[in-house]
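Good morning, colleagues. I would ask you to look at the sequence and the structure together while I take you through the salt bridges and then the sheet.

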Amino acid sequence: MERAQQSLRAIRWVLTLGLPFARLQDGFHARIEDGRSNMWYDKWLPGKPLCQLVVDYVDIHDLQVQAVQLSRSLSYFSSPAADLPPRVARTVHWIAPPEGCVALNVDGSSHGNPGPSGFGGLLRDHLGNWLKGFYGHMVFSEILQAELLAIRFGLLLAWEEGYRNIICWTDSMLALSLITAPVLKFHKYSSILEGIARLVHQEWNVTFKHILREGNSCADWLAKLGVQNGSTFVVV
């Protein structure tokens, strides 16, 4: 525990002086340069710079385990800022399908994971015109189940509406990996996966692609509406 306290003091010291550092924890990439600049704001974190969250983040979990992980990062503190990979800004937006194709964007949402969940999606043409949308509610499920059901119901709606060239966009890499591989018979969601596979093998063209969640905001909104609405399935 004493070593844990020392590591935390080292973290606070570095943050106070504003020395260059990077990679405090897997998934957290950042640096403080000359002390005059804050670390960037992240959309998925509370509304303040990450540098103000580091110590709080450590305190939430087991102090000793987190301190060991953070102490391994101290070796990065001596690295000059110039050695760190530059952050490249890019614009993320909805991707229009080619003319003659329909874009199906889907998403799932879960409050608690597992907990009250929802799924949703929408169909748009190459000009971005709204064709159909849907959302649904599940009393208690995991986010993966919601993501998979969004794909299944989205494909079913597209088929029933007569669209035969579909590009299905999801921001879930796990769901995408499952539906583009042979169905795992003993997977707990194998019935949903088999339903998706049967739909895909109909006489039409279906392509699955990944999209960043920032470019999938409309489907995300519908999925959250499904969580709140309580209706099993609604077409809009």
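Which side chain does Glu-142 meet in a salt bridge? The partner is Lys-188, with a distance of 2.8 Å from N to O. Please bear in mind that this is a predicted model.

The pair joins distant parts of the chain, 46 residues apart. Glu-142 sits in the loop between S3 and H4, and Lys-188 lies in the loop between helix H5, residues 173-179, and helix H6, residues 190-200. As for solvent accessibility, Glu-142 has a relative value of 25% and therefore counts as partly exposed. Lys-188 is exposed, because its relative accessible area is 58%, and the cut-off for that class is over 50%.

In total, the structure holds three salt bridges. Another is formed by the side chains of Glu-194 and Lys-185, at 3.7 Å from N to O. Here, Glu-194 is partly exposed at 26% relative accessibility, whereas Lys-185 is exposed, with a relative accessible area of 58%.

There is also a salt bridge between the side chains of Lys-224 and Asp-220, at 2.7 Å from N to O. These two residues both belong to helix H7, residues 217-229. They are four residues apart in that helix, so about one helical turn separates them. Lys-224 is partly exposed, with a relative accessible area of 35%, and Asp-220 likewise counts as partly exposed, at 24%.

Let me now turn to the sheet. In what order do the six strands of the open sheet run? The order is S5-S4-S1-S2-S3-S6, and the pairing is mixed. Strand S5, residues 205-210, and strand S6, residues 234-235, stand at the edges. Each of these has a single partner strand, which means that one side of each is left without a neighbour in the sheet.

Which helix packs on this sheet? It is helix H4, residues 143-160, and the strands it touches are S1 (102-110), S2, S3, S4 (165-170), S5 and S6. The direction of H4 makes about 150° with that of S1.

Within the sheet, I would draw your attention to one pair of strands. Strand S2, residues 115-124, and strand S3, residues 130-141, pair in the antiparallel sense over nine bridges.

Thank you for your attention.

Notes. Residues numbered from 1 in each chain as written. Predicted model: local features only at pLDDT ≥ 70, side-chain atom pairs only at ≥ 80, totals over all residues. Heavy atoms only, no water. Pairing = 2+ DSSP bridges. Contact = heavy atoms within 4.5 Å. Axes fitted to C-alpha atoms, helices over the stretch in contact; angles between N-to-C directions. Salt bridge = Lys/Arg side-chain N within 4 Å of Asp/Glu carboxyl O. Buried < 20%, exposed > 50% of the residue type's maximum accessible area, 1.4 Å probe, protein only.
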